[in-house]
Amino acid sequence: MAAGLLGILAAVAIAFPWPAVRAGEPLSAFWVVWAAGMVLAQGFVVLKKGDPLLLPAAAGLSALGQVVLGRLGPPGLIFRQSVWLLVGLGFLWGALLLARPAARLDRWRYTLAAAALGLVLLTFPLGAGAGARLWLDLGFFFIQPVEPLKLALALTLAGYLAERRELLYYARRRLGPLVLPATTYLIPLGVVTGLALLLLFAQRDLGSALLVLGVAVGSLYAAAPRPAHLILGLVPAAVAAAGGYLLNPVVQERVHVWLDPWADPEGRGFQVAQALIALAAGGAGGTGLGLGRPDLVPAVRTDFVFVALGEELGFLGTAGAVGLYLVLLARCFRLGLLARSEYNRLLAVTLGLTLGVQTFIILAGTVRLMPLTGLTVPFISYGGSSLVVNYAILGLLAALSVEEETGQRCGC
Amino acid sequence: MSPELAWWLNLWVLGLVYILLGVLLRGIYAETRRLAGPGETGRGRLVVVEPAESGLLPGEAFPLPPEATVGRDRSNDICLPDPSVSLRHARLYYRGWSWWVEDLNSTNGTFINGRRLERPGVVLPGDRLAFGQVVTRLEVKG
């Protein structure tokens with residue numbers, strides 16, 4: 001219990017000096033409300049015997065995001081992000097108070113998925129944004145429908161897989177000498193996932209397409225651990241990747257830039273090359289907050305925010321952030337292990353995979369571990385939809401841990 | 001931003017990030033130690049909390065072999081002679097540094113802390129493990 005309290009205090013304190021440094025901006029009030037909301041949420045979770053280590057890890061990441069974005073500015077953008085932060089906090093509390101038992105959410109299994117797919121569909125006629133038109137303009141703010149989609153998909157997958165896992169595991173079909181999983185039971189899953197993938201590919205939102213595929217295959221494997229299910233997921237992925245490379249010039253460019261960003265560092269390779277230069281400039285301890293030039297990297301507030309972290313806080317900063325992500329993921333999967341009902345078990349896994357796969361895809365793209373596909377960095381990047389949905393996911397995970405009393409059962 | 005202020009800011013942010021990580025990892029370590037118990041074999045026992053109509057006494061304990069069956073029948077490793085317990089009710093086994101319990105299609109179900117099991121689940125030290133009406137508690141010797 002002491003560890004949980006100390007953890008949350010350290011986490012919210014990370015962002016503490018930032019409003020003071022940027023004097024003259026009404027940020028301190030936001031920070032006070034956010035910090036109080038997080039500490040109270042942690043108190044609620046600990047008193048109700050939930051996981052005491054889940055919220056501190058995420059709060060630490062969110063505080064790092066506030067520091068980095070606060071340093072990058074401009075004030076107008078930080079103000080909007082702070083408003084979103086409080087909306088996110090509202091969702092976290094909403095999930096904590098209303099989403100118990102979590103199985104209650106399963107009533108809207110297909111409604112949620114259909115609504116989220118519909119929102120994504122709306123971006124075809126109405127989408128805003130340069131290049132990939134991924135946003136919906138609601139007058140006073142934009143939303144990015146792919147963010148609610150990933151949450152809806154996690155809920156749908158958990159409900160469907162919890163109901164069918166035994167069929168998926170045991171039903172087999174013989175094809176000559178081969179024993180294949182019976183594909184009949186995979187069809188509804190394939191349809192929802194396929195539709196989402198198709199939409200995202202048509203949108204050229206490659207990062208989100210990769211995320212949906214990763215989460216779908218990962219959770220199928222978690223529910224019914226047959227190696228064939230992994231292969232079943234990897235084959236379409238490989239076909240899509242090869243097809244994308246041959247037919248889509250954007251994919252081709254991404255691969256070439258990934259293989260050698262220095263072939264054209266002023267043009268196509270500019271973003272990746274600048275990111276590598278910035279990370280190198282950061283070294284072990286960073287240049288110091290406010291002393292680097294992360295603003296030279298395109299999209300440094302959103303997809304490439306990790307680069308700003310690496311330049312000014314150095315390897316220590318990025319390693320710390322990765323450590324916090326790993327703790328967060330470990331808590332999700334542990335929650336999945338300890339949950340007693342099938343739905344709760346799989347919901348913890350699908351939500352954890354959503355956070356984990358997204359973090360992996362964008363961080364690996366940033367540091368040239370794999371071709372870059374755009375996604376936000378959970379809890380750190382600028383972006384209202386992303387922040388709100390990630391806080392909702394966090395709220396659901398916390399509610400699950402309270403329902404399953406995992407804190408009491410581990411005795412920490 | 002003066003270099004001096006930037007240095008202090010970095011120290012504050014990085015210092016707190018690593019304090020936080022330290023607290024979290026220490027929590028995970030303590031929890032793992034607690035759950036793992038003393039050695040590789042789980043030296044556990046099952047203590048009767050609510051005997052129902054089994055004729056057992058509260059506090060009576062069954063030492064657990066690495067794998068044990070629980071049921072009303074005398075042939076089980078742990079015999080709970082209560083009408084709400086099925087003849088062959090559940091299986092308790094030690095795997096991956098944890099105790100697991102699997103319900104063997106019993107009539108009245110197996111419960112961890114009041115929640116009916118749908119598939120094999122991890123039982124942690126101190127958990128209330130109920131077979132039908134008979135409530136027990138898992139204890140691991142430290």
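In this predicted model, helix α4 (residues 54-72) of chain A packs against helix α5 (residues 75-98) of chain A at an angle of about 165 degrees, and their axes are 11 Å apart. Because angles over 145 degrees count as roughly antiparallel, α4(A) and α5(A) are described as roughly antiparallel to each other. The crossing in which α4(A) passes α5(A) is right-handed. On the side of α4(A), the residues that take part are A:Leu55, A:Ser62, A:Gln66, A:Leu69 and A:Gly70, and they meet A:Ile78, A:Gln81, A:Leu85 and A:Leu92 in α5(A). Sorted by class, this contact of α4(A) with α5(A) has five nonpolar, four polar and no charged residues.

A second pair is formed by helix α7 (residues 146-170) of chain A and helix α9 (residues 206-223) of chain A, which pack at an angle of about 25 degrees with their axes 9 Å apart. That angle makes α7(A) roughly parallel to α9(A), and the crossing of these two helices is right-handed. Among the residues of α7(A) in this contact are A:Lys150, A:Leu157 and A:Arg165, while those of α9(A) include A:Leu211, A:Val215 and A:Ala223. By class, the contact of α7(A) with α9(A) has 11 nonpolar, two polar and two charged residues.

Turning to helix α16 (residues 384-404) of chain A, its 21 residues should span 30 Å at 1.5 Å a residue, which agrees with the 30 Å between its end C-alpha atoms. α16(A) is mostly covered, with 21 of its 21 residues buried, and α16(A) is followed by A:Glu405, whose phi is positive, near 50 degrees.

How values were computed. Residues are numbered from 1 along each chain as its sequence is written. Chains are lettered from A and ligands numbered from 1 in the order in which they are written. This is a predicted model: local features need pLDDT of at least 70, side-chain atom pairs count only at pLDDT 80 or more; totals for chains, interfaces and linings use all residues. Side-chain values use heavy atoms; hydrogens and water are left out. Axes are lines fitted to C-alpha atoms, for helices over the stretch in contact, and angles run from 0 to 180 degrees between N-to-C directions. Helices (H or I, at least four residues) and strands (E, at least two) are DSSP runs, numbered from the N terminus. Angles under 35 degrees count as roughly parallel, over 145 as roughly antiparallel, 65 to 115 as roughly perpendicular and the rest as oblique. A crossing is left-handed if the near helix is turned anticlockwise from the far one by less than a right angle, and right-handed if clockwise. Contact means heavy atoms within 4.5 Å. Ala, Val, Leu, Ile, Met, Phe, Trp, Tyr, Cys and Pro count as nonpolar, Asp, Glu, Lys and Arg as charged, and the others, Gly among them, as polar. The expected span of a helix is 1.5 Å times one less than its number of residues. Buried means under 20% relative accessible area, exposed over 50%, partly exposed in between (1.4 Å probe, protein chains only).
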